Structure formats: structure tokens, C-alpha cells
Amino acid sequence: MLVTDGPYAETKEQLGGILVLEARDLKHAVELISKHPGVKAGPFEIRPTEDLSAIVTESERRRAKTT
């Protein structure tokens, strides 16, 4: 007889979420994320992304229209 956990990845392998930081550079991003309480639970992966300024501006514009 064989018992398995099923076709799902183990909990420790699951993606816990995505944080978007606005940082000047990698050093600044590490400084910011080091203050996050989740760092005590495990590692965080930091990846650069494109400039999100246009997306943020559009989002702020849409929110301003609804208020």
C-alpha cells in the first residue's frame, strides 16, 4: 500500500504572495524588505520589475473619479 499527499505541492513550496516595493535600487529594496515581519518565517525573493509609474498614475486617476 502506498500513501501520498496527493497531486499538490507541499505547503512550504507555495507562493505566499507578491509585494511591490518602490525602491531606488537593490540595496534599498533589501533594506525595505528586511523590516517586513514575514522575513522571520522564511526567505523572500527580490526581483526587479519595470517602471510602474504609469500604472500607479492611472489607478490614482480612476480612484479620484469615484470619490
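Student: Buried means under 20% relative accessible area, exposed means over 50%, and partly exposed lies in between. On that basis, what percentage of the 67 residues in the protein chain do buried residues make up?

Tutor: The model is a predicted one. In it, buried residues make up 4% of the 67 residues in the protein chain.

Student: How many helices and strands are there in the chain?

Tutor: The protein chain has two helices and zero strands. The helices are α1, covering 26-33, and α2, covering 53-66.

Student: And what does the accessible surface come to?

Tutor: The accessible surface of the protein chain is about 6,800 Å². Carbon and sulfur atoms account for 56% of that area.

Student: Let us take α1. Which of its residues are buried?

Tutor: His28, Ala29 and Ile33 are buried in α1. They lie on the same side of the helix, because the arc they cover around the axis is only 130°.

Student: Why does His28 count as buried?

Tutor: His28 has a relative accessible area of 13%, and therefore it is buried, as the limit for that class is under 20%.

Student: What is His28 in contact with, leaving aside neighbours within four places in sequence?

Tutor: With those neighbours left aside, His28 is in contact with Glu22 and Ala23.

Student: Where is Asp25 placed, then?

Tutor: Asp25 sits in the segment before α1 and caps the N-terminal end of that helix. A side-chain oxygen of Asp25 is 3.3 Å from the backbone nitrogen of Lys27.

Student: How does Asp25 count at its relative accessibility? And how far apart in space are Asp25 and Pro48?

Tutor: Asp25 counts as partly exposed, at 43% relative accessibility. The C-alpha atoms of Asp25 and Pro48 are 8.9 Å apart, while the two residues are 23 apart in sequence.

Student: Changing topic: how many salt bridges does the count come to?

Tutor: The count comes to four salt bridges. One of the pairs is Arg47 with Glu45, where the closest N and O atoms are 2.6 Å apart. Side chains of opposite charge can pair when their charged atoms come close.

Student: Are Arg47 and Glu45 buried or exposed?

Tutor: Arg47 is exposed, with a relative accessible area of 64%, and Glu45 is exposed as well, at 60%.

Student: Which residues are linked in a network of salt bridges?

Tutor: Glu58, Arg61 and Arg62 are linked in such a network. The closest N and O atoms are 2.4 Å apart between Glu58 and Arg61, and 3.4 Å apart between Arg62 and Glu58.

Student: How are these residues separated along α2?

Tutor: Glu58 and Arg61 are three residues apart in α2, so about one helical turn separates them. Arg62 and Glu58 are four residues apart in α2, which again means a separation of about one helical turn. An α-helix has 3.6 residues a turn, so residues three or four places apart point the same way.

Student: What are the relative accessibilities of Glu58, Arg61 and Arg62?

Tutor: Glu58 is partly exposed, with a relative accessible area of 30%. Arg61 counts as partly exposed at 40%, and Arg62 counts as partly exposed at 48%.

Student: One last topic, the nonpolar patch on the surface. Which residues form it?

Tutor: Leu19, Leu21, Val39 and Phe44 form the patch. Together they have about 320 Å² of accessible area.

Student: Where is Phe44 found, and how accessible is it?

Tutor: Phe44 is found in the loop between α1 and α2. Its relative accessible area is 35%, so Phe44 is partly exposed.

Methods:
Residues are numbered from 1 along each chain as its sequence is written. This is a predicted model: local features need pLDDT of at least 70, side-chain atom pairs count only at pLDDT 80 or more; totals for chains, interfaces and linings use all residues. Side-chain values use heavy atoms; hydrogens and water are left out. Patches are made of residues with over 30% relative accessible area and no salt bridge: like charges are joined within 9 Å, nonpolar side chains (Val, Leu, Ile, Met, Phe, Trp, Tyr) within 5 Å. Accessible areas come from the Shrake-Rupley method with a 1.4 Å probe; for residues, only the protein chains shown count as cover. A salt bridge is a side-chain nitrogen of Lys or Arg within 4 Å of a carboxyl oxygen of Asp or Glu. Buried means under 20% relative accessible area, exposed over 50%, partly exposed in between (1.4 Å probe, protein chains only). The arc is that of the directions from the helix axis to the C-beta atoms. A polar contact is a pair of N or O atoms within 3.5 Å; within protein, one must be able to donate a hydrogen and the other to accept it, and residues adjacent in sequence count only if both atoms are side-chain atoms. Contact means heavy atoms within 4.5 Å.
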